[in-house]
Amino acid sequence: MESGNRKRAGIIDTDVHQSLRSKKDLLEYLPKVWHDPFMMHGIGLSNLFPTPIGVDRKDALPDGGGPAGSDPQFLLKHHVEPYGIEYAILTGGGETGVSLIPDLDYGSAIIRAYNDYYVEKWLKADPRFKGSILVNSADPAEAVKEIDRLADHPDMVQVIMSGGSLRPYGHRFYHPIYEAAERHGLPVAMHPGSEGKGMAYPPTPAGYPTRYMEWHNILPLTFMAHINSLVCEGVFEKFPGLKVVAIEGGVAWLPHLMWRMDKNYKALRAQTPWLKKLPSEYIMEHIRLTTQPIEEPGRPGELLQIFQMVHAEKTLMFSSDYPHWDFDNPKVVLPPMPREMKANILSGTAYELYGSKLKKPRNAEVSR
């Protein structure tokens, strides 16, 4: 839509899940020694919390058959084009949890195969698709090799790791991954879904939930733990150019976390002498959130207050979580808000984060 000589930027969807059509599709990219294990067991993660309604929208099944999210052309027709999405950032499926299986060699081989498959079958399908470099965070040396191998691909815009892990992500064990990401100018994204699976610890400090709803309700705990760790361990002092994206965790928990961190820092800062700023300042500078699953209070104005507390105009990016059951429609999901804030959530902050790998429409209406 034109307004004078200004063009409103299209939407950037920062969490779109693509998948294999069949496990057989991966064999072309996977060393033969791993074919039988993969066909028999796949990634090999247990699913303790099945959902009674299924993971995917029923209307997202491709016309030609196959699972939801497995056909690039159908995804364009069903999601990207109807909503005017400028770019769809692909974040994969359950393979992000590969870092929670015991066999590091198997895990890293599967990761390389998924990355190669998605480059060939998805990134070549349409320039609106942008990819995430999946890495095995349990094996930082191999993760660095994978980042170095794919970082220069023009359509790979970030590194992605599972939410479930064996250590909080600020731990120095993971620092080689951050060094490689920063060196290549790539953000590092975290995606939930693997909490409590494989070798991961229980998804709550109090133990295992009973069923899917209970598990899904508390997924923000993942991001609170990792962000707290990243800040307190001094990751952003050590890697000042690093940005971290918390995908699919919602928003409303962040003010509470920042308030607690800032309050405790004032009394306990001797334990983190490397920090030169308030924890909230590191979060505002280095952490980006995606909207889905957006909180839905009874009074929408309260959510806008949360957005203002987290400076959503520079920290928040739209995501739909297509094709999952809790998909958020970009046309209706955001509460009433200032025009500039909405423009930045829908696309401006993503353009800034992903830099030159996304071509911004000329004269796009984006306000910093």
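Tutor: Lining the second largest cavity are Ser 108, Ile 111, Arg 112, Leu 134, Val 135, Asn 136, Glu 142, Ala 143 and Glu 146. Before going further, note that this is a predicted model, in which local features need pLDDT of at least 70, side-chain atom pairs count only at pLDDT 80 or more, and totals for chains, interfaces and linings use all residues. Residues are numbered from 1 along each chain as its sequence is written, and side-chain values use heavy atoms, with hydrogens and water left out.

A cavity here is a set of points on a 1 Å grid over the protein atoms alone where a 1.4 Å probe fits but cannot get out; a pocket is an open set with protein on both sides within 12 Å along at least five of seven lines, and lining residues have an atom within 4 Å of a point. For the second largest cavity, the volume is about 50 Å³, a volume being the space filled by probe spheres set on the points, which are joined across faces, edges and corners. Two helices, α3 and α4 (140–150), each bring at least two residues to the lining of this cavity. Helices (H or I, at least four residues) and strands (E, at least two) are DSSP runs numbered from the N terminus. By class, the lining of the second largest cavity splits into 4 nonpolar, 2 polar and 3 charged residues. Ala, Val, Leu, Ile, Met, Phe, Trp, Tyr, Cys and Pro count as nonpolar, Asp, Glu, Lys and Arg as charged, and the others, Gly among them, as polar.

How many cavities of 30 Å³ or more does a search of the whole structure find? The search finds 2. The largest cavity holds about 120 Å³ of space. Its lining has 16 residues, and the closest to its centre are Gln 18, Gly 92, Asn 115, Tyr 118 and Ser 132. Helix α3 turns up here as well: together with β5 (129–134) and β6 (156–162), α3 is among the elements that each supply at least two residues of this lining. The largest share, 5 residues, comes from α3. In the lining of the largest cavity, 8 residues are nonpolar, 7 polar and 1 charged.

Now for the open spaces. The largest pocket has a volume of about 1,000 Å³. Its lining counts 42 residues, with Val 55, Gly 93, Gly 94, Lys 197 and His 324 the closest to its centre.

Of the 21 residues that line it, Pro 202, Leu 221, Thr 222, Ala 225 and His 226 are the closest to its centre. Its lining divides into 10 nonpolar, 9 polar and 2 charged residues.

Let's go back to α4, one of the helices of your cavity. Asp 148 forms a salt bridge with Arg 183, with the closest N and O atoms 3.1 Å apart. This pair links distant parts of the chain: Asp 148 is in helix α4 and Arg 183 in helix α5 (residues 175–184), 35 residues apart. A salt bridge puts a side-chain nitrogen of Lys or Arg within 4 Å of a carboxyl oxygen of Asp or Glu. Asp 148 is partly exposed because its relative accessibility is 33%, and Arg 183, with a relative accessible area of 44%, is partly exposed too. The classes are buried (under 20% relative accessible area), exposed (over 50%) and partly exposed in between, with a 1.4 Å probe and protein chains only.

The structure holds 15 salt bridges. Another one joins the side chains of Glu 120 and Lys 124 at 2.9 Å, N to O. Glu 120 is partly exposed, at 35%, whereas Lys 124 counts as exposed, at 59%. Arg 299 and Glu 302 also pair up, with their closest N and O atoms 2.8 Å apart. Arg 299 counts as exposed because its relative accessibility is 59%, while Glu 302 is partly exposed at 32%. Finally, Glu 81, Asp 126 and Arg 128 are linked in a network of salt bridges.
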